[in-house]
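Student: I'm new to this one. Can we go through some labels and see where they come from?

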Amino acid sequence: MNKTRLYKKTLLAVTISLASSLTAQQALAAGFQLNAQSATGIGRAFAGDAVIADNASVMARNPAAMALFDKMELSLGFESITSLIEVSDAKYNGTSIPDTDDVGATSIAPNIHLIVPVNDKFAWGVNAYSNFGTKTEFEDSYPASEFAGLTDVKSFNFGLAGSYRLDEQWSFGAGIDLIYAQGTFKRIFSNGTPVLDIDKADGWAVGFNVGTVYELDENNRFGLAYHYSPEFEAEDDYGQKVTLQLPDIGEFSGYHKIEDTKFAVHYSIQYIAWGDFDKIDFSNLDGTQSTIAAGAAALNGGVYSSEYMWQDGWHYAIGGTYYLNSDWTLRAGYMYDTSAQDEKTSISVPDSDRQWFSAGFTYHIDTASNVDFGFTYLLGDDVKVEESTDLGTSITATTHADAILMGVQYSRSF
């Protein structure tokens, strides 16, 4: 019975990383959630990305910005995400255990965006990208293995959107997001008995997004966007269901090209309603008892809830673009984003306030096509972690999570 309660608690804890992965627009917060829709965004810490509209990837941030294009635009690329995670000063049941700094991994996140203007009023677009791609994996021999183990989550967003230009100043847009996610989670006791063994739990959810753009003139414009995130259900191979509420997101961006210069400044403020993520419901679909894996504790049927009470998050980003010449565009940015976790922390899903340091460039192959490169180093804070189980085991530690993002992208107008 105690192992059953521990199983439930561990499942709910690691499922937080699934919740962190499914929001379409957030950028590396709350369990290594990543925004990987463009290399240009990575190169400027996503500052101004809801309104800059220098390639088709802007539709992922603000559908109204599609109205800024007068030609069909295609962008495709990929990002690599390398997490650098350290767990130090750890004590398992009061006894010191070795530090570890090799639990992070590298993931690849592809993307594609297409914007098609119909006339001078209407445009539509489609896109597909991964908004999460990371993995934390502790060795099976890690002493506090019921708190660590393997957490591997991927999510994919498929979008369809349209925009309408009202006049020379105002444009509006809306879109539908179809979200797919897949997760693998494994936890074991230190004696080798499985606690949790979920392989490729997956599910679908539908959200939507709306936005507007206001243009003062050709050099100054503002964007405002809202993304609705749905309640999400994921089912594992053994017929068990996890239900959780994902956070809505609001973003305001500005872009200003300084007259008679080659320089532009841009910025974004993003609000993430992680406060809505107050609990996770877990149940068997058929209401019966099921065994997760050989040697694992059986989970009783019915519904089980646990409160997590995360806090709302904010991103503050500022960047600059320098239009060097007809061949080269240079950019840089800085972002500060706040942690979604509050009192509850975890060694398996390290989280903290983070700083982004970003740089990138565009090389214009010709007047119709270009290649982008972006680089970001994310610097996290040290976080004190305290966890315990119903069986009386506990761990205290200090976690530190940094990350490196790199992106390459090809864009073309037709």
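Here is a short talk about a few labels and the values behind them.

Tutor: First, this is a predicted model, where local features need pLDDT of at least 70, side-chain atom pairs count only at pLDDT 80 or more, and totals for chains, interfaces and linings use all residues. Residues are numbered from 1 along each chain as its sequence is written, and side-chain values use heavy atoms, with hydrogens and water left out.

Student: Why is Asp89 called exposed?

Tutor: Buried means under 20% relative accessible area, exposed means over 50%, and partly exposed is in between (1.4 Å probe, protein chains only). Asp89 has 54% relative accessibility, so it counts as exposed. You'll find Asp89 in strand E1, residues 73–92; strands here are DSSP runs (E, at least two residues), helices are runs of H or I (at least four), and both are numbered from the N terminus.

Student: Why is Tyr322 called partly exposed?

Tutor: Tyr322 has a relative accessible area of 36%, so it is partly exposed. Tyr322 sits in strand E17, residues 313–322.

Student: What makes a nonpolar patch on the surface?

Tutor: Patch residues have over 30% relative accessible area and no salt bridge, and nonpolar side chains (Val, Leu, Ile, Met, Phe, Trp, Tyr) are joined within 5 Å, like charges within 9 Å. A salt bridge is a side-chain nitrogen of Lys or Arg within 4 Å of a carboxyl oxygen of Asp or Glu. Here the nonpolar patch includes Tyr322, Trp328 and Phe361, and its residues together have about 960 Å² of accessible area. E18 and E19 are the elements that give two or more residues to this patch.

Student: How do you know that Asn127 is buried?

Tutor: Its relative accessible area is 9%, therefore Asn127 is buried. Asn127 lies in strand E4, residues 122–137. Leaving aside neighbours within four places in sequence, Asn127 is in contact (heavy atoms within 4.5 Å) with residues including Met59, His113 and Phe158.

Student: And what makes Ser339 buried?

Tutor: Ser339 has a relative accessible area of 6%, so buried is the word. Ser339 is in the loop between strand E18 (328–337) and strand E19 (354–364).

Student: What about phi of Asp260?

Tutor: Phi of Asp260 is near 65°, a positive value in a residue other than glycine. Most residues other than glycine have a negative phi. Asp260 is in the loop between strand E11 (249–257) and strand E12 (263–272). With a relative accessible area of 76%, Asp260 is therefore exposed.

How values were computed:
Areas by Shrake-Rupley, 256 points an atom, 1.4 Å probe, with all protein chains shown as cover.
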